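Work through the exercises below with the model open. Each task is followed by a stepwise solution.

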Amino acid sequence: MLTANSINEAISALFGPSVTAVDRQRVSGGDINRAYRLELSNGARVFLKCNRHDFLGMFTAEVKGLEALRATGAIGVPEPLAVGTDGAEAFLIMEYLSPAPRRPDYWEIFGHELAALHRAKCGPRFGFPTDNYIGSTPQQNAPSDSWAAFFRDRRLLPQMELAWGLLDDRTRRSLTSITERIDSLLPEPAFPSLIHGDLWSGNALCGPDGKAWILDPAAYVAHFEADLAMTELFGGFPNRFYQSYNEVTPIDRSYPDRRDLYNLYHLLNHLNLFGLPYLSNVSSIAKRYA
Ligand code: ADP
């Protein structure tokens with residue numbers, strides 16, 4: 001992975017000393033960063049994300065996640081090309097995904113490929129070699145042999161600590177009860193899975209091949225159900241996607257009982273990032289599992 005001291009330096013190192021950026025078009029859709037399509041003098045295009053200097057760590061973590069997902073070869077993931085700082089800004093340059101029409105079997109292939117990702121060889125322990133981010137919140141990934149303990153210690157507890165001052169007593173008690181009974185709520189998976197970690201619909205894009213490519217990961221080794229649950233948090237994907245997933249890896253009949261518990265992590269994170277509109281959702285789910 002190239003590290004550069006300016007965007008121009010990165011482009012010259014990647015494409016040759018005479019190549020420069022000739023146009024920069026804003027791309028909308030991101031939550032956190034400013035995103036652009038850069039047109040280069042050699043006719044190539046790259047995707048550029050920028051933010052303040054102190055976002056370099058976030059971009060570096062994103063690169064590690066993209067590289068880990070790409071290494072499986074299971075599903076389309078844009079290639080990270082360079083990270084660095086440019087004056088007061090941090091940047092990440094990656095492969096640009098040209099828009100294309102979706103294949104008619106877009107959702108079927110997406111289901112098969114996500115299941116293949118989750119079946120790819122990965123480390124036996126839950127976690128990831130480095131910490132990363134969920135949105136802009138740090139996400140701890142120190143390894144654990146137990147999925148339930150990992151989800152309690154590295155997912156629920158850090159978010160609960162951040163949210164504590166926003167919670168009423170009843171929700172606090174419910175969440176504490178969940179963490180105390182986590183072993184009975186979350187079974188260990190039959191196999192560990194490298195998951196995307198933040199797979200809402202905005203983090204999947206139709207790539208130039210007409211298939212789904214996955215972006216902006218918060219990757220770690222987990223129970224694959226955690227990825228499926230996130231796809232359902234804000235509306236869900238079409239049934240065809242889940243049916244196709246199920247053809248590769250059967251989704252356990254009791255998975256729907258756990259779905260909101262996995263998503264409690266994301267909802268606590270949304271409460272921490274975006275505030276009180278997420279409180280009633282957190283409270284009602286916490287109450288249900290307590
Ligand atoms: P943020 O880090 O701010 O959440 P994203 O990674 O989600 O930003 O990217 C913002 C938007 O840019 C996405 O919604 C998507 O539409 C588009 N996008 C992301 N990556 C690429 C890419 N490699 N090629 C083309 N468009 C992309």
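**Exercise 1.** Find the polar contacts of the ligand, meaning pairs of N or O atoms within 3.5 Å.

*Solution.* Start at the backbone: a polar backbone atom of L97 is 2.9 Å from a nitrogen atom of the ligand. Next, take the side chain of D216, where an N or O atom lies 2.9 Å from a ligand oxygen atom. Then turn to N33: an N or O atom in its side chain is 2.8 Å from an oxygen atom of the ligand. This is a predicted model, with local features needing pLDDT of at least 70, side-chain atom pairs counting only at pLDDT 80 or more, and totals for chains, interfaces and linings using all residues. Residues are numbered from 1 along each chain as its sequence is written, and side-chain values use heavy atoms, leaving out hydrogens and water.

**Exercise 2.** Describe the shell around the ligand (residues with a heavy atom within 4 Å).

*Solution.* Step one, count: 19 residues surround the ligand, and N33, K49, E95, L97 and D216 are the closest. Step two, sort by class: nine are nonpolar, six polar and four charged. Here Gly counts as polar. Step three, assign domains: domain 1 (2-95) and domain 2 (106-289) each give at least three residues to the shell. The bounds come from an automatic or database domain assignment.

Definitions and conventions:
Near = heavy atom within 4 Å. Polar contact = N/O pair within 3.5 Å; in protein donor to acceptor, adjacent residues only side chain to side chain.
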